[in-house]
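Dear colleague,

I am handing over a structure that you have not worked with before, and it is placed just below. After it you will find an account of what was found.

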Amino acid sequence: MKYNIFYNADFVASDYAFDTTRKSGELAASLRDGGEAKVVDPGLFTERAKAIIDRVHDPEYVKAVITGTPSHLAESQGFAWDPKVPTMAIAHSTGLVAAVADVLTSTNRVAGSLSSGLHHARAGRGSGFCTFNGLVVAATDALDRGAERVLVLDFDAHCGGGTRSMTAPDKVVQIDVATSAFDSWTPASADALFMAGVDNYIDTIIEALELADGAGNFDLVLYNAGMDPANSGVSSADLELREHMVAEWAAKRDQRLVYALAGGYTGGGIEMDDLVALHRLTVDAFCA
Ligand SMILES: [Zn+2]
């Protein structure tokens, strides 16, 4: 299946260089070699994304990210502020807003955004390399567009406490499979939070998808496709299987779905090329 993947150079605009601010550029470059997925500039949606960021985040925090002061707020996500940090942070939300528009206003069922640094951000501060919570921005945009119920399927290694803290559980259900307790949260309504290990990772994904299947209809699934379980020892073969399971689950339901890259880090024997190959597993699984 051919689908759109949203990315532009603003995604990597910040001077501060590390995986969350750089890997999407490497991945986009790898996609320009051809293949099924098409890289699309989400720039036209920047103002729409900014307006939603202003609604879901506290004004003092947004101002701090834009201006750089006070630094305890501007740098609360964990990296040094520079004037391009707001450009970068807004762009990651913009990619998701463009992807939501793509699947909710056309016949396209799947779209991706090469966004990362999302689910730990709170209304009033950043956390865990996440500046603005693009999942919350995307869910809010979907509800604005008439969606009644959104599922956040969060398979990043860490828990999505930021997302849960900023959304209403009756409208935004969260099913989360984590391998680290960082940012754990308390499930409400149809939510679930699973802690998985290396040995039961795929079994836990199966359980989570079965639960999601029985949780009713969703107008949109936001899939936070973190590859950082690899940093906890989950194999790339298991992560490849996970991505095929999610893509097949969504196809079987004829489910509209938008994915974000989310976490995934170099180190411990994982080089940038390996990290890009891991995130390509997500891109490629939805092309199948
Ligand atoms: Zn993570």
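Tyr259 counts as buried because its relative accessibility is 0% (buried means under 20% relative accessible area, exposed over 50% and partly exposed in between, with a 1.4 Å probe and protein chains only). Please keep in mind that this is a predicted model, in which local features need pLDDT of at least 70 and side-chain atom pairs count only at pLDDT 80 or more, while totals for chains, interfaces and linings use all residues. Residues are numbered from 1 along each chain as its sequence is written, and side-chain values use heavy atoms, with hydrogens and water left out.

A search of the whole structure gives seven aromatic pairs (rings of Phe, Tyr and Trp, the last by its six-membered ring, pair if their centres lie within 6.5 Å; planes under 30 degrees apart count as stacked, over 60 as edge-to-face and the rest as tilted). One of them joins Tyr3 and Tyr259 in an edge-to-face arrangement, 6.0 Å centre to centre and with 75 degrees between the planes. This pair links distant parts of the chain, since Tyr3 lies in the segment before strand 1 and Tyr259 in strand 8 (residues 257–260), 256 residues apart (helices, H or I of at least four residues, and strands, E of at least two, are DSSP runs numbered from the N terminus). Tyr3 has 2% relative accessibility and therefore counts as buried.

Strand 4 runs parallel to strand 5 (residues 172–178), and five bridges join them (two strands pair if DSSP finds at least two bridges between them); the partner of Val152 in strand 5 is Gln174. Strand 4 also pairs in the parallel sense with strand 7 (residues 220–224), over five bridges, and there Val150 has Leu220 as its bridge partner.
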